[in-house]
Amino acid sequence: MHVNQGVARRAVTVALLLSAFAMNACVAPRPNLAITADQWRADLRQLADELPKRHMNAFHAVSRPAFEAAVADLDRRIPSLDGDQVFVGLATIVRMIGDGHTSVRIPDDSGALPLRIRRFGDEWRVAQVAAGGEAALGAKVLAIGGAPIAEAHARMLAVTPSDESQELRDALADMLLTRGLFLHGFGLAPDRNHARLDLEGDDGRRFGFDAAAMPAGAKPVWRGPAATPTLAEQRPDDPLWCAPLQGGRTIYCDFRSYKGLSSPAAALRAQLAAAAPDKLIIDLRQNGGGDFFVGLRELVDPIAKLPAINRKGRLFVLIGVMTFSAAMSNAAHFRQRTAALLVGEAIGERPNSYQENGELTLTNSHLVVSYSTRFYSFAPAGGENRIRPDIPVETTWADVKAGRDPALQRALEYPGG
């Protein structure tokens, strides 16, 4: 498996999966969507001129005429739009480029609702809530802003990366269903801080729910329907943490972030040396990326040198749709360089794709546009451009309600090597 050489740093987080990067303290001033139509038009011209120049291959998924037609259409409509609607128009144009790393950063004050909506089969559920959303927990979502949920979801697809997998686009669209900036921008909410949802309980009772946005910068505590959260839902702020399972015979490690990875990775290596477990399970399902070279140095390559654990049936990597960027790359590395079995759902991002972010700040709105500067290959040429699990496992709503993690359970039950 060939990897093109390029810049090591891959500054990508889960916020990027929502078309947004975590705000860097050195970036100023803050985005301002309350600007004049002429200022918006100037920003649009800047984007239309600069993005094709800066992206490594801006027209790999969309034709230049189609891109320019979308720019002309938004320019014509700007005088009749408010700031949120123009933002959605800009985000739609940028997402036409296609790769998951090319996006417009979402402002901090985007009106995040205290709800997380997730699709299970042909229904959408309020899978998690923060303070203020308790009455909606577990309910089926029938409509948002009067639009049937499937229609609301379809609108959000316009601001997801057009050339990534449908599974990733669907997951991102569901996340955006609880961002007031997008709901208002698509005409599904009166403003970015309030939204009306039509819900249905398991008893068949239908009711309305008025959701109010959380304050900008809030750090909510999320909870699901189960009394006890799964391991993957615990300690969300830790980049890498581990727990012994099965009487210490298995070590489970939730790997969420590359920030400050060296110390916890060293602790894990010491734990493996001291405990000599039968199994090691690395969970990458909620990792939005960082520097894959750090992951290689701190985890993949050291684990590959441990013959007692680097054997089929002893080393597992949990993956999912939202395993993104460097995490996707390191999942491919685990498959290439170790005997790890990948368990869970197919990764949403295409492994052979444009990555490595540059940034463009629009002059008047101060919105930051991310664009890709490198092409990486993490899958063999000629095959499917996806990373699929060796052991596919689907999570159902019944699993979530019961607090089960079927992917982790499958790894625990797999016969040891």
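Predicted model: local features only at pLDDT ≥ 70, side-chain atom pairs only at ≥ 80, totals over all residues.
Reader: What share of the residues is buried?
Author: 53% of the 417.

Reader: What about contacts, how much comes from residues 24 or more positions apart?
Author: Those pairs make up 72% of the contacts with a separation of 6 or more.

Reader: Switching to the surface: what does the accessible area come to?
Author: About 17200 Å², with 51% of that belonging to carbon and sulfur atoms.

Reader: How many positive and negative side chains are there?
Author: The chain has 47 positive and 46 negative ones, and the centres of the two sets lie 4 Å apart.

Reader: OK, helix H10. How far does H10 reach?
Author: H10 covers residues 326–337, and from first C-alpha to last it reaches 16 Å, close to the 16 Å expected at 1.5 Å a residue.

Reader: Is H10 enclosed or open, and why?
Author: Largely enclosed by the rest of the structure, because nine of its twelve residues are buried. Among those buried residues are Met328, Asn330, His333 and Phe334.

Reader: What covers the buried residues of H10?
Author: The cover includes helix H9 (292–304) along with strands E10 (279–283), E11 (315–319), E12 (341–344) and E13 (353–361).

Reader: Now Cys253. Where is Cys253 found?
Author: In strand E9, residues 250–255. Cys253 has 0% relative accessibility, so it counts as buried.

Reader: Which residues does Cys253 touch, leaving out those up to four places away in sequence?
Author: Leu240, Trp241, Cys242, Leu268, Leu280, Ile281, Ile282 and Asp283. Take Ile281: it sits 28 residues from Cys253 along the chain, yet their C-alpha atoms are separated by 6.1 Å.

Reader: Last one, Leu51. Which helix is Leu51 in?
Author: H2, residues 37–54. Leu51 is also at 0% relative accessibility, so it counts as buried.

Reader: And what does Leu51 touch, again not counting residues up to four places away?
Author: Gln46, Ala58, Val94, Ile97, Thr102, Val369 and Tyr371.

Reader: How far apart are the C-alpha atoms of Leu51 and Pro29?
Author: They're separated by 21 Å, with the two residues 22 apart along the chain.

Terms used. Residues numbered from 1 in each chain as written. Heavy atoms only, no water. Buried < 20%, exposed > 50% of the residue type's maximum accessible area, 1.4 Å probe, protein only. Contact = heavy atoms within 4.5 Å. Areas by Shrake-Rupley, 256 points an atom, 1.4 Å probe, with all protein chains shown as cover. Lys, Arg positive; Asp, Glu negative; His and termini not counted. Charge placed at Lys NZ, Arg CZ, Asp CG, Glu CD. Helix = DSSP H or I, 4+ residues; strand = E, 2+ residues; numbered from the N terminus. Expected span 1.5 Å × (residues − 1).
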